[in-house]
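This report considers how the parts of one protein chain are arranged. Please look at the sequence and the structure first, and then read the sections in order.

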Amino acid sequence: EKPEVKTVKDALWSYIEHKRGKLAKSSIDGYVISAANLSAVLGHIALGDVTQAMVYRYISEGGNVQANRDKALLSAAFTHARNSGHFSGPDPTKGLQFRNEEKPRQRYVSDMEMDLAIAAASPKLACIIQFAYLTGMRQGDALNVRLADISDSGIRYLASKTASRGGQMRIVTWTQALRDCINDANPLWGRT
């Protein structure tokens, strides 16, 4: 039997369990943080008793990017509760025209910083840093590359950002610097 979903806390955890295994671990970890934040303030309230004013107050008093993430999870939890038949009232997260300001990161690693990081790293780590830099892959994608992914046309990989949604295969085409990096990596991992 599925547990009853009556309170905000119930809805949050029902949604997280529904998504577990369908989303990346990092996404679930983020949801768990948001669920803990929301549960401390709204968790005990019945779904039908949550008002838009409560959600607005939560976001505005939180005043940060995390409060925006929390609201997104709350919205998804209400939608899931409705879709699974646990809730039929109005969704207090819909139509809320407030969001804390978010500024994208604008900092890039300079060539000097990259050179210092590579010089301070072990040979294997230096190779991984160089590979990630040359391919533009996310950390997890770079670490998951296998020999079978490397071909004459380049390096194929499934982008982790889209993997849970059916994914998109991408290919990084060869440059001389990337070929040199792969050639340097082979003996480090015992391949010739």
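The model described here is predicted. Three strands form an open sheet in it, ordered β1-β2-β3, with antiparallel pairing. Because β1 (150-151) and β3 (169-172) each have a single partner strand, they stand at the edges, and one side of each is left without a neighbour in the sheet.

How many bridges join β1 to strand β2? There are two bridges between β1 and β2 (residues 154-158), and the two strands run antiparallel.

Helix α3 covers residues 52-62, and within it Val55, Tyr58 and Ile59 are buried. Why do they lie on the same side of α3? The reason is that they cover an arc of only 90° around the axis.

The buried residues of α3 pack against α2 (25-42) and α4 (65-83). On the other side of α3, Ala53, Arg57 and Glu61 are exposed. Gly63 follows the helix, and its phi is positive, near 60°.

In soluble globular proteins, nonpolar side chains tend to be buried together. In this model, the largest nonpolar core has 25 residues, and Val8, Leu12, Leu38, Leu47 and Leu74 are those with the most contacts inside it. Helices α1 (8-19), α2, α3 and α4 are the elements that give two or more residues to this core. Of these, α4 gives the most, with seven residues.

Leaving aside its neighbours within four places in sequence, Leu74 is in contact with Val8, Leu12, Leu38, Leu42, Val55 and Thr93. Another core, of 14 residues, lies apart from the largest one, and it includes Phe131, Ala142, Val145 and Leu178.

## Salt bridges

A search of the whole structure finds five salt bridges. One of them joins Glu4 to Lys6, with the closest N and O atoms 3.2 Å apart; both of these residues are exposed.

Another links Asp29 and Lys25, at 2.8 Å from N to O. Both residues lie in helix α2, four residues apart, which is about one turn of the helix. Asp29 counts as partly exposed because its relative accessibility is 34%, whereas Lys25, at 61%, counts as exposed.

Asp91 forms a salt bridge with Lys94, and here the closest N and O atoms are 3.9 Å apart. Is Asp91 buried or exposed? Its relative accessibility is 10%, so Asp91 counts as buried. Lys94 is partly exposed, with a relative accessible area of 45%.

## A buried charge without a salt bridge

Asp141 is found in helix α7, which covers residues 139-143. This residue is buried, yet it has no salt bridge. Which side chain of opposite charge is nearest to Asp141? It is that of Arg138, 5.0 Å away.

Which residues beyond its neighbours within four places in sequence is Asp141 in contact with? They are Tyr157, Leu158, Ala159 and Ser160.

How values were computed:
Residues numbered from 1 in each chain as written. Predicted model: local features only at pLDDT ≥ 70, side-chain atom pairs only at ≥ 80, totals over all residues. Heavy atoms only, no water. Buried < 20%, exposed > 50% of the residue type's maximum accessible area, 1.4 Å probe, protein only. Lys, Arg positive; Asp, Glu negative; His and termini not counted. Salt bridge = Lys/Arg side-chain N within 4 Å of Asp/Glu carboxyl O. Contact = heavy atoms within 4.5 Å. Arc of directions from axis to C-beta. Core = buried A, V, L, I, M, F, W, Y, C linked by side-chain atoms within 4.5 Å. Pairing = 2+ DSSP bridges.
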